[in-house]
Amino acid sequence: MEQPVKYWVPSIATCGMTMVTSDRYPAWKGNMLIAALAGTHIARVEMNGTKPVGEEKVLPGIGRVRQVAQSPDGYLYAITEGTGLLIKLALFPLHFWLPSAHASAPSPVSAALSALVVKAAVYIL
């Protein structure tokens, strides 16, 4: 039997999982998003081919994440258990959050950093 390429000890109680293929999340393209029931977050695992090379906890403490999926229009959604939240992940430019940081057009560096800023729109089911 082949061993997993990524696992957690203690377990985050993995549930739903999706690979980001959308152009809406250019910095995350090719990454795996894993729903974490016990971890109460979404694990974003950076991949280099079939090898995990990094990890980030997205929305820590949001609740027991049951499923994460990419819709046909390319947006990423997650749903939590118990709290019944439907979360739409959307990337916003850095200057959206820090308007005083850019008196003019964003620089290439800040444009690259903008992909790292995530805003979640939360809907109650």
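Glutamate 55 counts as partly exposed, at 35% relative accessibility, where partly exposed lies between buried (under 20% relative accessible area) and exposed (over 50%), with a 1.4 Å probe and protein chains only. The model is predicted, so local features need pLDDT of at least 70 and side-chain atom pairs count only at pLDDT 80 or more, while totals for chains, interfaces and linings use all residues. Residues are numbered from 1 along each chain as its sequence is written, and side-chain values use heavy atoms, with hydrogens and water left out.

The side chain of glutamate 55 meets that of lysine 6 in a salt bridge, at 2.9 Å from N to O. A salt bridge here is a side-chain nitrogen of Lys or Arg within 4 Å of a carboxyl oxygen of Asp or Glu. This pair links distant parts of the chain, 49 residues apart: glutamate 55 is in strand 4 (residues 51-58), and lysine 6 is in the segment before strand 1 (14-19). Lysine 6 is also partly exposed, at 30% relative accessibility. Side chains of opposite charge can pair when their charged atoms come close.

The whole structure holds six salt bridges. Another of them joins lysine 29 to aspartate 23, with the closest N and O atoms 2.5 Å apart. In this pair lysine 29 is partly exposed, with a relative accessible area of 43%, and aspartate 23 is exposed, with 61%. Glutamate 46 and arginine 44 also form a salt bridge, their closest N and O atoms being 4.0 Å apart. Glutamate 46 is partly exposed at 32% relative accessibility, whereas arginine 44 is buried at 8%. Salt bridges link Arg44, Glu46 and Glu56 in a network.

The next topic is the chain as a whole. The protein chain has two helices and eight strands; these are DSSP runs numbered from the N terminus, helices being H or I of at least four residues and strands E of at least two. Read from the N terminus, the order is β-β-β-β-β-β-β-α-α-β. The chain has 125 residues, of which 32% count as buried. Of the contacts (heavy atoms within 4.5 Å) between residues at least 6 apart in sequence, 45% join residues at least 24 apart. The accessible surface, from the Shrake-Rupley method with a 1.4 Å probe, is about 7500 Å², and carbon and sulfur atoms account for 61% of this surface.

Inside the chain, the largest nonpolar core has 14 residues, and Trp28, Leu33, Ile42, Leu76 and Leu89 have the most contacts within it. Such a core is a set of buried Ala, Val, Leu, Ile, Met, Phe, Trp, Tyr and Cys residues joined through side-chain atoms within 4.5 Å. At least two residues of this core come from each of strand 2 (32-36), strand 5 (64-70), strand 6 (76-81) and strand 7 (85-91). Strand 7 gives the most, with three residues. A second, separate core has seven residues, including Ile12, Ile34, Ala36 and Val45.

Ile34 and Val45 also belong to the lining of the largest pocket, as do Lys6, Val5, Tyr7, Trp8, Thr14, Met17, Met32, Met47 and Pro52. A pocket is an open set of points on a 1 Å grid over the protein atoms alone, where a 1.4 Å probe fits, with protein on both sides within 12 Å along at least five of seven lines; lining residues have an atom within 4 Å of a point. Strand 1, strand 2 and strand 3 (41-48) are the elements that give two or more residues to this lining. The volume of the largest pocket is about 150 Å³, taken as the space filled by probe spheres set on the points, which are joined across faces, edges and corners.
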